[in-house]
Amino acid sequence: MNNIYYIRHGYSLHNQLGKQYGEQAYLMPECENSYLLQDGIDQAKQLRKDSLEQLKTMDLVLVSSLTRTLETADILFKDLNKRIIVLDILKEFPNGLETPNKRLTKSNLKIKFPHFDFSTLQCEDDFTWIPERYETKEELIYRINLFKRYLKTFKYKNICIVGHTDFISQMLFGEIRELKHCFIYKYH
């Protein structure tokens, strides 16, 4: 049986602009592939400081292909010599229309995060992001089920997933609810 640990990324640009402008912020061009703000960087550093011994026990790290999660994972696992696999399937919901959920090209990500494993990204461009409509809840559940099957292919004791609130909460609780930034949620 695997121990699965879930961490939501640190506080990001789209989180801040969402507080200022509401949901329209998630359609703004400047929020495309949202990145960590200083508060989010500080949250990730604090989590690393508080949980370093637990982070060291992780056998595998799976991370969303969006910059804010990659930055969070980079801070948390820096110099811990962990295999970090990047997955489009872990992207936030809805994976369509909302600009924070559209990733950079695979080449750009590999330059920014050279020690991560990008072999699972099937295409250079983000073909999973739907530009003309929102992803449906059924499509999210389908992605979650694909991810659950993928998880079963690993025999590691401790796996850490660095992702997003809607994806993680739907997977863990069967509903979308707010999750804390840079907090470890454990699931057996």
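The radius of gyration is taken over C-alpha atoms, and the globule rule is 2.2 Å times the number of residues to the power 0.38. With 188 residues, a compact globule would have a radius of gyration near 16 Å, and the chain has 15 Å, which agrees. This is a predicted model, in which local features need pLDDT of at least 70 and side-chain atom pairs count only at pLDDT 80 or more, while totals for chains, interfaces and linings use all residues. Residues are numbered from 1 along each chain as its sequence is written, and side-chain values use heavy atoms, with hydrogens and water left out.

**Overall build**

- The C-alpha trace of the chain spans about 40 × 35 × 35 Å along its principal axes.
- The chain has six helices and five strands; helices (H or I, at least four residues) and strands (E, at least two) are DSSP runs, numbered from the N terminus.
- Read from the N terminus, the order of elements is β-α-α-β-α-β-α-α-β-α-β.
- Of the 188 residues, 54% count as buried, where buried means under 20% relative accessible area, exposed over 50% and partly exposed in between (1.4 Å probe, protein chains only).
- Among contacts (heavy atoms within 4.5 Å) with a separation of 6 or more, 76% join residues 24 or more positions apart.

**The sheet**

- Five strands make an open sheet with mixed pairing, in the order E3-E2-E4-E1-E5; two strands pair if DSSP finds at least two bridges between them.
- Strand E3 (84-87) and strand E5 (184-187) are the edge strands, each pairing on one side only.
- From one strand to the next, the twist averages 25 degrees, with axes as lines fitted to C-alpha atoms (for helices over the stretch in contact) and angles from 0 to 180 degrees between N-to-C directions.
- Four bridges join strand E2 (residues 60-64) to strand E4 (residues 158-163) in the parallel sense.
- Val61 has Cys160 as its bridge partner in E4.

- Helix H1 (residues 13-21) has Leu13, His14, Asn15, Leu17 and Gly18 as buried residues.
- Strand E1 (3-8) and helix H3 (67-77) are among the elements that cover the buried residues of H1.
- Gly22 follows H1 and has a positive phi, near 75 degrees.
- Asn33 is found in the loop between H1 and helix H2 (38-56).
- Asn33 is buried, with a relative accessible area of 5%.
- Not counting residues up to four places away in sequence, Asn33 touches Leu66, Thr67, Arg68, Thr99, Pro100, Lys102, Arg103 and Leu104.

**Aromatic rings**

- A pair of aromatic rings is described by the distance of the centres and the angle of the planes.
- The whole structure holds five aromatic pairs; rings of Phe, Tyr and Trp (its six-membered ring) pair if their centres lie within 6.5 Å, and planes under 30 degrees apart count as stacked, over 60 as edge-to-face and the rest as tilted.
- Phe113 and Phe116 are stacked, at 5.4 Å centre to centre and 20 degrees between the planes, and both residues are buried.
- Phe154 and Tyr156 have ring centres 5.9 Å apart and planes at 25 degrees, so this pair is stacked.
- Phe154 is buried, with a relative accessible area of 12%, whereas Tyr156 is partly exposed, with 30%.
- Tyr150, Phe154 and Tyr156 are linked into a cluster by ring pairs.

**Charges over rings**

- Arg177 lies over the face of Phe173, 3.9 Å from the ring centre; a charge sits over a ring if NZ of Lys or CZ of Arg is within 6 Å of the ring centre and within 35 degrees of the ring normal.
- Lys180 has its charged end over the ring of Phe183, 4.5 Å from the centre.
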